[in-house]
Amino acid sequence: MKQRIFLSPPHMSGREQERVQEALASNYIAPLGPMVDAFEKEFAEYVGIPHCVALSSGTAAMHLALRHLGVGPGDVVLASSLTFIGSVSPASFLGAELRFIDCNEMTWNMDPVLLKKSVDDCLREGRKPAAVIPTDLYGQCADYDSILAVCAPHGIPVLIDSAEAMGSRYRRRHAGCGGAAAIFSFNGNKIITTSGGGMLASEDKAMIEHARKLSTQARENFPHYEHVEIGYNYRMSNVLAAIGRGQLEVLDQRVARRREIFEFYKSTLGKLPGISFMPEADYGKSNRWLTVTQIDPKRSGTDREKVRLGLEADNVESRPIWKPMHRQPVFAACRVYGGSVSESLFRNGLCLPSGTAMTAVDLERVCTGIKKHWGLKD
Ligand SMILES: *Cc1c(COP(=O)(O)O)cnc(C)c1O
């Protein structure tokens, strides 16, 4: 069996080991310590959002942001339907009602026109949304300005899910800038990783200070353990922050390589009938975290699932696009605005291996495996 090509495996820079050694030598093996402080500071400088708290996951970051806003039962939270569940499950943890917004075809991200419609409906019902959560899908920023134009007049906080978008840009700004807060993820499959981890970033110092307190069991400032609210155990460990610092150093290189991989796939496969690639919005620059294709069964003579299974038989991992949240059994009772665009993207969408450590030989192997399906019409 040939060596497996994974969808998006971790790719170390080489500097992580040194940093981890430093952390071990200092005996700061706890959550908290100088590596965490330094990682937060360096991350804040990189993204241009002044206040950051390093956490155990991106999901935890979203949970704390919603908790800080006081989201709870009876509240409505509006979110992108085409996303990963970690984006929206925190609203469910807190007992809020989720309503999902479809994407548009140009960006595959939250459609601001549908968002406006849903906000208007909420206001008519006398239920101003407690938060709006747009996802930066596969590294492409949502159209922040259009989304903020809908939300800002009503004072609705926008929590940007930039879990997949580290290193991406919206106009000249880094992904995640401009909302009430942004979340990032350092899960093992993301463009940079700490094995598991996340960051909550905001211009609002009070939000980050509260999130930091909530992330360590909401301990009050007393010598003994005093609690006036319930918190969580969500802090990032000092050892993992050491890995994060090593990864952050090479983020720009990783973005350049992901974009190269995208261009390679596009130039090698782009002429096959019925295949197309995720468009890049003119307002930004995607990190191309994953190369995502659409395979039209009518024009291609094959389909996404045949291609996926063919690659799997050659020990190559690929994956369907996120299944829209409004189609998830667990959210069957939730309202959705639009829905057909993300459903169609899901039906025909395939994410190709995009790890930055892939070799030219790996890329050729994936492309050969895909091209086969256009020769053999079964
Ligand atoms: C990965 C991801 C998350 C959650 O991050 P974790 O660190 O895995 O909890 C949230 N939203 C999106 C869009 C993601 O891709």
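At what angle do helix 3 and helix 7 pack? Let me start there, hi everyone.

Helix 3 (residues 58-68) and helix 7 (residues 205-214) pack at about 115 degrees, with axes 9 Å apart. Axes here are lines fitted to C-alpha atoms over the stretch in contact, and angles run from 0 to 180 degrees between N-to-C directions. Helices are DSSP runs of H or I with at least four residues, strands are runs of E with at least two, and both are numbered from the N terminus.

A word on the source: this is a predicted model, where local features need pLDDT of at least 70, side-chain atom pairs count only at pLDDT 80 or more, and totals for chains, interfaces and linings use all residues. Residues are numbered from 1 along each chain as its sequence is written, and side-chain values use heavy atoms, leaving out hydrogens and water.

Back to our helices. On the helix 3 side, Leu 64, Arg 67 and His 68 meet Ala 206, Met 207, His 210, Ala 211 and Leu 214 of helix 7, contact meaning heavy atoms within 4.5 Å.

Now the domains. An automatic or database assignment gives domain 1 (15-248) and domain 2 (251-374). Together the domains bury about 3800 Å², 63% of it on carbon and sulfur atoms; that is accessible area (1.4 Å probe) lost on putting the two parts together, summed over both.

Finally, salt bridges: a side-chain nitrogen of Lys or Arg within 4 Å of a carboxyl oxygen of Asp or Glu. Asp 314 and Lys 2 pair at 3.0 Å, N to O. Asp 314 sits in the loop between helix 11 (304-313) and strand 13 (319-320), and Lys 2 in the segment before helix 1 (16-25), so the pair ties together parts 312 residues apart in sequence.

Thanks, everyone!
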